[in-house]
Amino acid sequence: MPSAEDIKQRIEAAIPGAVADVEDYTGTSDHFRANVTAEAFQGLSRIQQHQLVYRALEGEIGGSVHALALKTQAPATVPIIP
């Protein structure tokens with residue numbers, strides 16, 4: 001069974017520039033919560049963002065990972081005020 005760190009590494013390796021925060025919220029190594037921020041999500045719908053993460057974990061979701069609560073976002077941009 002993967003650890004939270006394993007899942008974090010797989011997500012960050014599969015999505016260039018991604019920063020993932022992953023937690024095993026039951027302590028059983030099969031239910032995880034992940035917050036993922038990546039430039040690659042810019043312009044994508046929430047569904048498309050989640051699909052990128054699920055692809056990174058292909059073979060685990062529905063197998064050894066029973067649940068993944070997922071929050072994705074592109075990095076916030078700060079407007080420049082002249």
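Predicted model: local features only at pLDDT ≥ 70, side-chain atom pairs only at ≥ 80, totals over all residues.
Me: How do β1 and β2 pair, parallel or antiparallel?
Reply: Antiparallel, over 6 bridges. β1 covers residues 19-24 and β2 covers residues 31-37.

Me: What sits opposite Asp21?
Reply: That's Asn35, in β2.

Me: And how many residues lie between the two strands of that hairpin?
Reply: There are 6. Gly27 is in the turn, with a positive phi of about 80°.

Me: OK, rings next. What lies over the face of Tyr25?
Reply: Arg33 does, at 4.5 Å from the ring centre.

Me: How many aromatic pairs are there?
Reply: The count comes to 0.

Me: Switching to Gln49. Where is it?
Reply: Gln49 lies in helix α2, which spans residues 46-56.

Me: Buried or exposed?
Reply: Gln49 counts as buried because its relative accessibility is 6%, and the cut-off for buried is under 20%.

Me: What does the Gln49 side chain reach?
Reply: The backbone oxygen of Phe41, at 3.4 Å. Beyond its neighbours within four places in sequence, Gln49 is in contact with Phe41, Leu44, Thr72 and Gln73.

Me: Now the largest nonpolar core. Which residues touch the most other members?
Reply: Ile11, Val22, Val36 and Val53, out of 17 residues in that core. The elements giving two or more residues to this core are α1 (4-14), β1, β2 and β3 (67-73).

Me: What does Val36 touch?
Reply: Leaving out residues up to four places away in sequence, Val36 touches a list including Ile11, Ala20, Phe41, Val53 and Leu70.

How values were computed. Residues numbered from 1 in each chain as written. Heavy atoms only, no water. Pairing = 2+ DSSP bridges. Helix = DSSP H or I, 4+ residues; strand = E, 2+ residues; numbered from the N terminus. Buried < 20%, exposed > 50% of the residue type's maximum accessible area, 1.4 Å probe, protein only. Polar contact = N/O pair within 3.5 Å; in protein donor to acceptor, adjacent residues only side chain to side chain. Contact = heavy atoms within 4.5 Å. Phe/Tyr/Trp six-rings, centres within 6.5 Å; stacked < 30°, edge-to-face > 60°. Lys NZ or Arg CZ within 6 Å of the ring centre and 35° of its normal. Core = buried A, V, L, I, M, F, W, Y, C linked by side-chain atoms within 4.5 Å.
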